[in-house]
Amino acid sequence: MNILEIENVSKNYAAHRALDGVTLHIPSHCVFGLLGPNGAGKTSLIRIITQITAPDSGRILFKGQPLSTEHVLQMGYLPEERGLYKKMEVGEQALYLARLKGMSRADAMKKLKFWFEKFEIQAWWKKKVEELSKGMAQKVQFITTVLHEPEFLILDEPFTGFDPINAELVKNELLELKNKGTTIVLSTHRMESVEELCNNIALIDNAHVILNGSVKDIRKQFRSHMFEINYVGNRIGFTNALWTGFELIDLKEEEEQSTAKVKMLGNLTVNDMLSLLMPHVQIIGLQEIVPSMNDIFIKQVSENRN
Amino acid sequence: MNKILLVIQREYLTRVKKKSFIVMTFLGPLLMSGIFVSAFLLDKVDTEVKKIGVIDNTHIFVNKFKDNERVKFEYLNEDVEKVRSESKNRGYFGVLVIPATENLSSLEKAVTFYSESQPGFDIISKIKFTIEKEINTQKYISAGIDESKLLAIKTDVNIQTRDLENKETSTPLTTGLGFAAGLLIYLFIFIYGAMVMRGVLEEKTSRIVEVIISSVKPFQLMMGKIVGVALVGLTQFLLWVILSSTVFFALTSSLMSGKSDKEKAEMIMKSRPGMEEAMQQADEDSPIKGDKMMKLDSILGTINFPLLIGMFIFYFLGGYLLYSALFAAIGAAVDSETDTQQFMLPVTIPLIIAYVAAATVINNPQGNVAFWFSVIPFTSPIVMMVRIPFGVPWEHIVLSMVLLIAGFIFTTWIAARIYRVGILMYGKKVTYKELWKWLRFQN
């Protein structure tokens, strides 16, 4: 079941077309990566989903229903440009934001206590936000985003401002939330977090969706059938062993072993390759070179622009 | 609806708990009673007695100049030059020289007052009054008119102002009240309107606004803020009234213990604007009559206080709502406090005009200027308040109130459209053309 259906959404800002016929389906209980270069239209789309603005044309369905005001209570949103009231106390502010999302005071206090203990920041309850460091404020802000246990979370660059330890903390929280059934839309430039977290992605460039699907399928789509082989042995022997059906892309010889990058053509399998090579060289290791999300991003965007 | 209440509550509590609010709550009445006390004390401090040497070569005016607390007259029989050069040593503030002249008419222009520093209005007018009185008496005598007959003829006209219900009123008093009310509204609109603007700006610069408007609509946020700040203003005003009255009664009972009724009334009168004029009026009409002060109570009774207070609250709220919407729009349109200046000016000009027009209105409370300025919603909060103590036909009041309500609905509508675009707009140089675009932008 798709928790969110974006159907042919377009949005113009004065002279600039931010979104052009964007259609996306976001399945429930997944982590969905919303990717794209700066200015592509991601923030515009996010603001339409969170009902901060409305589309010029097209529509959005949340759990099968057209998007309406009560849906905001079921969504959590962490904007890229984010902040808190500087002069307000942490606890009081978190409570205020929670109640704006429809939580009762008692419920909010209970959940806040839980999260503050989890992140070990109980001592900050009475502190003013301006007294916190950036990372601390980010932690507080993260809590306020997820406190009302929304079914649907949108996080725009959630990892900025976090050191590696806290980034890991947040990452694990997100996975935990996903396992509990939350659908998470993650918009980020940090491709390594996409690799680690996302099940599905959509790539937007210049107001259009240029790539869309599950990470697995997309990887398969961009599969280049490239392999990296570590071996010990003779170079000539190696290259001779690979005859038709393989293309040698690169070969690096080092003292102890050599590393070759080989492209497999046609319908051959890894077993075929191994059986060809094994008589001639000692295989140390063999691995498919899977394109990284970073590579896919770059490749797809440059293709789109030409 | 519930969400607006949450916003109102937050806006109210964060401001009311601030140290600055608590300080102002106590400072305000202290300042006001300080003004009252200092007016009283300054009066006391100024008890330097001025000695004036009188050289009267006509011998008409001997002992005719009346001494009082501040001024004492000494009658001398010496040479003018001698006295003038010695005046400082002898401690005279000034020397009054009345030369012997051929006739009384030439005397009128021949009197001279020599002093090192310029004498105040009070001394000159006192001297002038006494001399005129005596010259008049002399003229009557030389014309052969008997002095006792003179006193019988002397008329003392005293126009009493009464309202249509035949209760006595006092123009200076109503003026004072009107001015005070108008000033108070002017100040409150400025102070609390600016508070709204700063709040909006704070949300923009701290970047929290996007988080909030993913939970509430921009209009709810704007109205929540406006209403919350209004409540802060009303709370502040209420606390001031309570505290001021308490302090006032405490002070007056301690300062006034041991004084006669007359002196007490004098003290009250001296420390209020308008009251002073009322007293002077009483003084001018008859320096002897003291019972005018006793009529203070009945005069105050003619002022319709419930109406005044009710109208004050209505016009404060109406004026505040009208202007704070515009202030919210300004805050939403710009990125920093310095950028607000260019928009503040056009918004505050009507307020300033209203305050300046108040003077004209006081002289002619039923004239055209008064009518139009008390009816147009941008100036009516101030000008109508100035008019009300003088009595305003109810049709004017109703028209003014209706237009004010329409006014703030209108400015709220405009502000909402600008607010909703502006709060997420950063870095754009905002011009009026840009604002017009935002106004027409359909969401």
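The following legends describe close-up views of a predicted model.

In this predicted model, local features need pLDDT of at least 70 and side-chain atom pairs count only at pLDDT 80 or more, whereas totals for chains, interfaces and linings use all residues. Residues are numbered from 1 along each chain as its sequence is written, and chains are lettered from A and ligands numbered from 1 in the order in which they are written.

**Figure 1. Overall make-up of chain B.** Chain B comprises 19 helices and four strands; helices (H or I, at least four residues) and strands (E, at least two) are DSSP runs, numbered from the N terminus. Of its 443 residues, 31% are buried. A residue is buried if 20 or more other C-beta atoms lie within 10 Å of its own, exposed if 12 or fewer, and partly exposed in between, with C-beta atoms placed from the backbone. Among contacts in chain B with a separation of 6 or more, 73% join residues 24 or more positions apart; two residues are in contact if their C-beta atoms, placed from the backbone, lie within 7 Å.

**Figure 2. The largest nonpolar core and the surroundings of B:A328.** A nonpolar core is a set of buried Ala, Val, Leu, Ile, Met, Phe, Trp, Tyr and Cys residues joined through C-beta atoms within 7 Å. The largest one has 135 residues, of which B:A328, B:A329 and B:V383 touch the most other members. Helix 14 of chain B (residues 305–333) gives the most to this core, namely 15 residues. Beyond its neighbours within four places in sequence, B:A328 contacts B:V196, B:M197, B:V200, B:M222, B:K225, B:I226, B:A415 and B:Y419. A second, separate core of 14 residues includes B:V54, B:F61, B:V83 and B:Y92.

**Figure 3. Helix 16 of chain B and its packing against helix 15.** In helix 16 (residues 368–375) of chain B, the buried residues are B:A370, B:F371, B:F373 and B:S374. Their cover includes helix 15 (341–363), helix 17 (380–387) and helix 18 (394–422) of chain B. Helices 15 and 16 of chain B pack at an angle of about 145°, with their axes 9 Å apart; axes are lines fitted to C-alpha atoms, for helices over the stretch in contact, and angles run from 0 to 180 degrees between N-to-C directions. Their crossing is left-handed, meaning that the near helix is turned anticlockwise from the far one by less than a right angle; clockwise would be right-handed. B:A354, B:A357, B:T360 and B:V361 of helix 15 meet B:V369, B:A370 and B:F373 of helix 16. These contact residues divide into six nonpolar, one polar and no charged, where Ala, Val, Leu, Ile, Met, Phe, Trp, Tyr, Cys and Pro count as nonpolar, Asp, Glu, Lys and Arg as charged, and the others, Gly among them, as polar.

**Figure 4. Helices 2 and 3 of chain A.** Helix 2 (residues 90–100) and helix 3 (residues 105–118) of chain A pack at an angle of about 125°, with their axes 10 Å apart. The crossing of these helices is right-handed. The contact is formed by A:G91, A:A94, A:L95, A:A98 and A:R99 of helix 2 with A:R105, A:A108, A:M109 and A:L112 of helix 3. Six of the contact residues are nonpolar, one is polar and two are charged.

**Figure 5. The loop residue B:V334.** B:V334 lies in the loop between helix 14 and helix 15 of chain B. B:V334 is buried, with 23 other C-beta atoms within 10 Å. Apart from residues up to four places away in sequence, B:V334 touches B:D339, B:T340 and B:V430.
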